[in-house]
Amino acid sequence: MNRNIKLTIAYDGTDFCGWQRQENNRSVQEEIEKALEKIHSHPVNLAGSGRTDSGVHAAGQAANFFTDIGSMEAGRFVPALNSLLPRDVRILDACEEQDNFHARFSARMRTYRYQFVFCCGATNPAMPHESRYHLPLHRYPRIGILNAYGRLLSGETDCTIFAGAGDNALTEDKSKNRYIYRAYFYIDRNTLVFEICANAFLRNMVRSVAGTFLHYEETLTPPEKLREIIASGERSLAGPTLPPRGLFLWKVEY
(Lines give C-alpha, C1' and ligand atoms only; values in the text may rest on other atoms or scores of the structure.)
Protein backbone atom coordinates (compact mmCIF):
# COMPACT_ATOMS: atom_id res chain seq x y z
CA MET A 1 0.00 0.00 0.00
CA ASN A 2 1.43 3.37 -1.02
CA ARG A 3 2.00 5.99 1.66
CA ASN A 4 1.86 9.75 1.20
CA ILE A 5 5.03 11.48 2.43
CA LYS A 6 5.33 15.23 2.97
CA LEU A 7 8.76 16.86 2.76
CA THR A 8 9.92 20.22 4.09
CA ILE A 9 12.75 21.49 1.90
CA ALA A 10 15.35 24.27 1.93
CA TYR A 11 17.43 25.28 -1.06
CA ASP A 12 19.75 27.91 -2.41
CA GLY A 13 18.05 28.93 -5.64
CA THR A 14 21.04 30.71 -7.17
CA ASP A 15 22.01 27.93 -9.57
CA PHE A 16 18.52 26.62 -10.33
CA CYS A 17 16.03 27.58 -13.04
CA GLY A 18 13.42 27.43 -10.27
CA TRP A 19 11.45 24.74 -8.48
CA GLN A 20 9.62 23.20 -11.45
CA ARG A 21 11.19 20.57 -13.65
CA GLN A 22 12.25 22.01 -17.03
CA GLU A 23 13.89 20.39 -20.02
CA ASN A 24 17.61 21.16 -20.32
CA ASN A 25 17.61 23.23 -17.11
CA ARG A 26 18.52 22.34 -13.54
CA SER A 27 15.53 22.45 -11.18
CA VAL A 28 15.01 21.63 -7.51
CA GLN A 29 12.13 19.27 -8.28
CA GLU A 30 14.25 17.25 -10.68
CA GLU A 31 17.15 16.94 -8.22
CA ILE A 32 14.87 15.51 -5.54
CA GLU A 33 13.06 13.24 -7.98
CA LYS A 34 16.40 11.82 -9.13
CA ALA A 35 17.26 11.04 -5.50
CA LEU A 36 13.84 9.47 -4.93
CA GLU A 37 14.30 7.30 -8.02
CA LYS A 38 17.59 5.96 -6.63
CA ILE A 39 15.88 5.04 -3.35
CA HIS A 40 12.83 3.46 -5.00
CA SER A 41 14.48 1.96 -8.13
CA HIS A 42 11.73 3.53 -10.25
CA PRO A 43 10.55 7.07 -11.10
CA VAL A 44 8.67 8.96 -8.36
CA ASN A 45 6.63 12.10 -8.99
CA LEU A 46 7.08 14.96 -6.52
CA ALA A 47 4.36 17.63 -6.12
CA GLY A 48 5.44 21.00 -4.74
CA SER A 49 3.40 23.57 -2.83
CA GLY A 50 4.09 26.05 -5.62
CA ARG A 51 6.69 27.23 -8.10
CA THR A 52 9.57 29.46 -7.19
CA ASP A 53 11.28 31.43 -9.94
CA SER A 54 14.86 31.12 -11.06
CA GLY A 55 17.15 32.45 -8.33
CA VAL A 56 14.52 32.38 -5.57
CA HIS A 57 15.48 30.50 -2.40
CA ALA A 58 13.44 28.46 0.08
CA ALA A 59 13.65 27.93 3.82
CA GLY A 60 10.41 25.94 4.02
CA GLN A 61 9.17 24.69 0.66
CA ALA A 62 6.73 21.78 0.98
CA ALA A 63 6.25 18.83 -1.35
CA ASN A 64 4.73 15.37 -1.28
CA PHE A 65 5.18 12.01 -3.00
CA PHE A 66 3.79 8.50 -2.70
CA THR A 67 6.13 5.71 -1.68
CA ASP A 68 5.68 1.96 -2.07
CA ILE A 69 8.44 1.22 0.46
CA GLY A 70 6.44 -0.06 3.38
CA SER A 71 9.31 -0.82 5.73
CA MET A 72 10.85 2.68 5.78
CA GLU A 73 9.73 5.14 8.44
CA ALA A 74 8.89 8.56 7.03
CA GLY A 75 11.66 10.25 9.01
CA ARG A 76 14.30 8.03 7.41
CA PHE A 77 13.73 9.78 4.10
CA VAL A 78 15.54 12.83 5.54
CA PRO A 79 19.04 11.30 5.81
CA ALA A 80 18.46 9.00 2.83
CA LEU A 81 17.63 11.88 0.49
CA ASN A 82 20.25 14.25 1.90
CA SER A 83 22.96 11.68 1.26
CA LEU A 84 22.04 11.78 -2.46
CA LEU A 85 21.23 15.46 -2.95
CA PRO A 86 23.64 18.25 -3.95
CA ARG A 87 24.76 20.70 -1.28
CA ASP A 88 22.33 23.43 -2.36
CA VAL A 89 19.24 21.32 -1.52
CA ARG A 90 18.39 19.92 1.90
CA ILE A 91 15.43 17.97 3.28
CA LEU A 92 14.54 19.38 6.70
CA ASP A 93 11.67 17.07 7.64
CA ALA A 94 9.59 14.18 6.37
CA CYS A 95 6.27 12.95 7.75
CA GLU A 96 3.39 10.74 6.64
CA GLU A 97 0.12 12.40 5.62
CA GLN A 98 -3.37 11.25 4.67
CA ASP A 99 -3.82 9.99 1.12
CA ASN A 100 -5.78 13.10 0.12
CA PHE A 101 -3.03 15.50 1.20
CA HIS A 102 -1.54 17.52 -1.65
CA ALA A 103 1.32 19.98 -1.07
CA ARG A 104 -0.22 22.57 -3.36
CA PHE A 105 -3.97 22.15 -3.06
CA SER A 106 -4.04 21.50 0.68
CA ALA A 107 -1.99 24.59 1.55
CA ARG A 108 -3.80 27.24 3.62
CA MET A 109 -1.20 30.01 3.46
CA ARG A 110 2.27 30.72 2.14
CA THR A 111 4.83 33.16 3.55
CA TYR A 112 7.62 34.84 1.60
CA ARG A 113 10.45 36.96 2.94
CA TYR A 114 12.51 39.46 0.99
CA GLN A 115 15.86 40.42 2.49
CA PHE A 116 17.61 43.71 1.73
CA VAL A 117 21.03 44.68 3.08
CA PHE A 118 21.80 48.35 3.72
CA CYS A 119 24.80 49.52 1.66
CA CYS A 120 24.84 53.22 2.36
CA GLY A 121 28.26 54.58 1.47
CA ALA A 122 31.79 53.20 1.39
CA THR A 123 31.83 52.79 5.18
CA ASN A 124 28.93 50.34 5.12
CA PRO A 125 29.59 47.78 2.35
CA ALA A 126 27.73 44.48 2.10
CA MET A 127 29.56 41.39 3.29
CA PRO A 128 30.53 39.01 0.45
CA HIS A 129 28.25 36.18 1.59
CA GLU A 130 25.24 38.52 1.68
CA SER A 131 25.19 39.05 -2.07
CA ARG A 132 23.54 35.66 -2.75
CA TYR A 133 20.70 36.13 -0.25
CA HIS A 134 20.10 39.89 -0.05
CA LEU A 135 19.40 42.76 -2.39
CA PRO A 136 21.52 45.88 -1.76
CA LEU A 137 19.60 48.95 -0.61
CA HIS A 138 21.49 52.22 -0.90
CA ARG A 139 19.22 54.29 1.32
CA TYR A 140 17.18 54.06 4.52
CA PRO A 141 13.46 54.03 3.65
CA ARG A 142 10.69 55.16 6.00
CA ILE A 143 9.39 51.97 7.59
CA GLY A 144 6.19 53.61 8.79
CA ILE A 145 5.15 54.55 5.26
CA LEU A 146 6.08 51.12 3.90
CA ASN A 147 3.93 49.44 6.54
CA ALA A 148 1.06 51.82 5.80
CA TYR A 149 1.31 50.54 2.22
CA GLY A 150 1.32 46.96 3.47
CA ARG A 151 -1.96 47.50 5.34
CA LEU A 152 -3.59 48.47 2.04
CA LEU A 153 -3.31 44.84 0.93
CA SER A 154 -4.96 43.32 4.00
CA GLY A 155 -7.80 40.91 3.21
CA GLU A 156 -9.22 40.00 -0.20
CA THR A 157 -7.26 42.07 -2.72
CA ASP A 158 -7.33 42.43 -6.49
CA CYS A 159 -3.63 41.95 -7.31
CA THR A 160 -3.87 42.58 -11.06
CA ILE A 161 -1.37 45.45 -10.86
CA PHE A 162 1.24 43.06 -9.42
CA ALA A 163 0.70 40.23 -11.94
CA GLY A 164 3.66 39.12 -14.04
CA ALA A 165 3.56 38.68 -17.80
CA GLY A 166 2.62 35.00 -17.52
CA ASP A 167 -0.46 35.74 -15.43
CA ASN A 168 -1.53 38.68 -17.59
CA ALA A 169 -1.44 36.41 -20.63
CA LEU A 170 -4.26 34.34 -19.11
CA THR A 171 -7.91 34.86 -20.00
CA GLU A 172 -9.45 38.05 -18.66
CA ASP A 173 -11.98 36.22 -16.47
CA LYS A 174 -9.20 34.47 -14.52
CA SER A 175 -9.36 35.92 -11.03
CA LYS A 176 -6.27 37.68 -9.73
CA ASN A 177 -7.78 38.17 -6.29
CA ARG A 178 -5.69 36.87 -3.40
CA TYR A 179 -6.36 36.87 0.33
CA ILE A 180 -3.41 38.59 2.02
CA TYR A 181 -3.05 37.97 5.75
CA ARG A 182 -0.19 40.39 6.35
CA ALA A 183 2.45 42.43 4.53
CA TYR A 184 4.98 44.35 6.58
CA PHE A 185 8.59 45.52 6.84
CA TYR A 186 10.98 45.38 9.78
CA ILE A 187 14.68 45.96 10.40
CA ASP A 188 16.97 43.22 11.71
CA ARG A 189 20.43 44.75 12.35
CA ASN A 190 21.68 45.89 8.93
CA THR A 191 18.89 44.06 7.06
CA LEU A 192 15.49 45.26 5.92
CA VAL A 193 13.02 42.37 5.76
CA PHE A 194 9.72 42.38 3.89
CA GLU A 195 7.34 39.58 4.88
CA ILE A 196 4.10 38.81 3.09
CA CYS A 197 1.67 36.00 3.80
CA ALA A 198 -1.26 35.04 1.55
CA ASN A 199 -3.36 32.08 0.51
CA ALA A 200 -1.56 32.09 -2.87
CA PHE A 201 0.53 34.35 -5.10
CA LEU A 202 0.60 35.37 -8.74
CA ARG A 203 3.73 34.94 -10.79
CA ASN A 204 6.41 37.48 -9.73
CA MET A 205 3.87 39.03 -7.36
CA VAL A 206 6.10 39.35 -4.28
CA ARG A 207 8.92 40.86 -6.32
CA SER A 208 6.46 43.37 -7.82
CA VAL A 209 4.83 44.29 -4.49
CA ALA A 210 8.20 44.96 -2.84
CA GLY A 211 9.45 46.95 -5.84
CA THR A 212 6.24 48.99 -5.99
CA PHE A 213 6.28 49.83 -2.29
CA LEU A 214 9.92 50.91 -2.32
CA HIS A 215 9.40 52.95 -5.50
CA TYR A 216 6.41 54.89 -4.18
CA GLU A 217 7.94 55.37 -0.73
CA GLU A 218 10.97 56.98 -2.38
CA THR A 219 8.71 59.31 -4.38
CA LEU A 220 6.85 60.36 -1.18
CA THR A 221 3.50 59.00 -2.41
CA PRO A 222 0.85 59.01 0.36
CA PRO A 223 -0.92 55.71 1.13
CA GLU A 224 -4.25 57.08 -0.08
CA LYS A 225 -2.80 57.70 -3.54
CA LEU A 226 -1.20 54.26 -3.66
CA ARG A 227 -4.57 52.73 -2.77
CA GLU A 228 -6.00 54.33 -5.93
CA ILE A 229 -3.06 53.09 -8.01
CA ILE A 230 -3.49 49.51 -6.80
CA ALA A 231 -7.26 49.65 -7.42
CA SER A 232 -6.67 50.80 -11.00
CA GLY A 233 -5.11 47.45 -11.92
CA GLU A 234 -2.80 49.22 -14.39
CA ARG A 235 0.39 47.17 -14.58
CA SER A 236 2.27 50.14 -16.04
CA LEU A 237 1.77 52.01 -12.74
CA ALA A 238 3.50 49.33 -10.67
CA GLY A 239 7.08 49.82 -9.56
CA PRO A 240 9.96 47.65 -10.76
CA THR A 241 9.88 43.86 -10.39
CA LEU A 242 12.89 43.29 -8.17
CA PRO A 243 15.60 40.67 -8.81
CA PRO A 244 14.98 37.26 -7.21
CA ARG A 245 18.10 36.67 -5.18
CA GLY A 246 16.90 38.23 -1.90
CA LEU A 247 13.60 36.36 -1.95
CA PHE A 248 12.77 33.26 0.12
CA LEU A 249 9.73 31.00 0.25
CA TRP A 250 9.78 30.99 4.03
CA LYS A 251 7.05 28.54 5.02
CA VAL A 252 3.86 26.84 3.91
CA GLU A 253 1.04 26.24 6.40
CA TYR A 254 -1.74 23.66 6.23
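**Terms and model**

I count a residue as buried under 20% relative accessible area, exposed over 50% and partly exposed in between (1.4 Å probe, protein chains only). The model is predicted, with local features needing pLDDT of at least 70 and side-chain atom pairs pLDDT 80 or more, while totals for chains, interfaces and linings use all residues. Residues are numbered from 1 along each chain as its sequence is written, and side-chain values use heavy atoms, without hydrogens and water.

**Entry: helix α3**

I began with α3, which covers residues 143–152. Helices (H or I, at least four residues) and strands (E, at least two) are DSSP runs numbered from the N terminus. I listed the buried residues of α3 as Leu146, Asn147, Ala148, Tyr149, Gly150 and Leu152. I then asked what covers the buried residues of α3. The cover includes β8, α5 and α6. I looked up the two helices of that list one after the other.

**Entry: α3 against α5**

Helix α5 runs over residues 205–218. I found α3 and α5 packed at an angle of about 130°, with 10 Å between their axes. Axes are lines fitted to C-alpha atoms, for helices over the stretch in contact, and angles run from 0 to 180 degrees between N-to-C directions. The angle makes α3 oblique to α5. Under 35 degrees is roughly parallel, over 145 roughly antiparallel, 65 to 115 roughly perpendicular, and the rest oblique.

The crossing of α3 past α5 is right-handed. A right-handed crossing has the near helix turned clockwise from the far one by less than a right angle, a left-handed one anticlockwise.

Which residues make the contact of α3 with α5? From α3 I noted Ile145, Leu146, Tyr149 and Gly150, and from α5 Phe213, Leu214, Tyr216 and Glu217. Contact means heavy atoms within 4.5 Å. By class, this contact of α3 with α5 has six nonpolar, one polar and one charged residues. Nonpolar is Ala, Val, Leu, Ile, Met, Phe, Trp, Tyr, Cys and Pro; charged is Asp, Glu, Lys and Arg; the others, Gly among them, are polar.

Two of the α3 residues in this contact, Leu146 and Gly150, are also in the buried list of α3.

**Entry: α3 against α6**

Helix α6 spans residues 223–232. I read an angle of about 40° between α3 and α6, with their axes 10 Å apart. The two helices α3 and α6 are therefore oblique to each other. The crossing of α3 past α6 is right-handed. Ala148, Tyr149 and Leu152 of α3 meet Pro223, Leu226, Arg227 and Ile230 of α6. I sorted the residues of the contact of α3 with α6 into six nonpolar, no polar and one charged.

**Entry: two threonines**

Is threonine 52 buried or exposed? Threonine 52 is buried, with a relative accessible area of 5%. I located threonine 52 in the loop between β2 (47–48) and β3 (57–67). The side chain of threonine 52 makes a polar contact with the side chain of tyrosine 11 at 2.7 Å. A polar contact is a pair of N or O atoms within 3.5 Å; within protein, one must be able to donate a hydrogen and the other to accept it, and residues adjacent in sequence count only if both atoms are side-chain atoms. Not counting residues up to four places away in sequence, threonine 52 touches Tyr11, Gly18, Trp19, Gln61, Tyr112 and Leu249.

Threonine 157 belongs to strand β7 (residues 155–158). Threonine 157 is buried at 8% relative accessible area. With neighbours within four places in sequence left aside, I noted Lys176, Asn177, Arg178 and Ile180 in contact with threonine 157.

**Entry: glutamine 29**

Glutamine 29 lies in helix α1 (residues 28–40). I read 7% relative accessibility for glutamine 29, which counts as buried. Leaving aside neighbours within four places in sequence, glutamine 29 contacts Trp19, Gln20, Arg21 and Leu46. Between the C-alpha atoms of glutamine 29 and leucine 214, 185 residues apart along the chain, I noted 32 Å.

**Entry: methionine 1**

Methionine 1 sits in the segment before β1 (3–11). Methionine 1 is exposed, with a relative accessible area of 87%. Not counting residues up to four places away in sequence, methionine 1 touches Thr67 and Asp99. C-alpha to C-alpha, methionine 1 and aspartate 68 are 6.4 Å apart in space, and 67 residues apart in sequence.

**Entry: positive phi**

Arginine 189 has phi near 55°, a positive value in a residue other than glycine. I placed arginine 189 in the loop between β8 (177–188) and β9 (191–198). Arginine 189 counts as exposed at 76% relative accessibility. Asparagine 204, in the loop between β9 and α5, has phi near 65°, also a positive value in a residue other than glycine.
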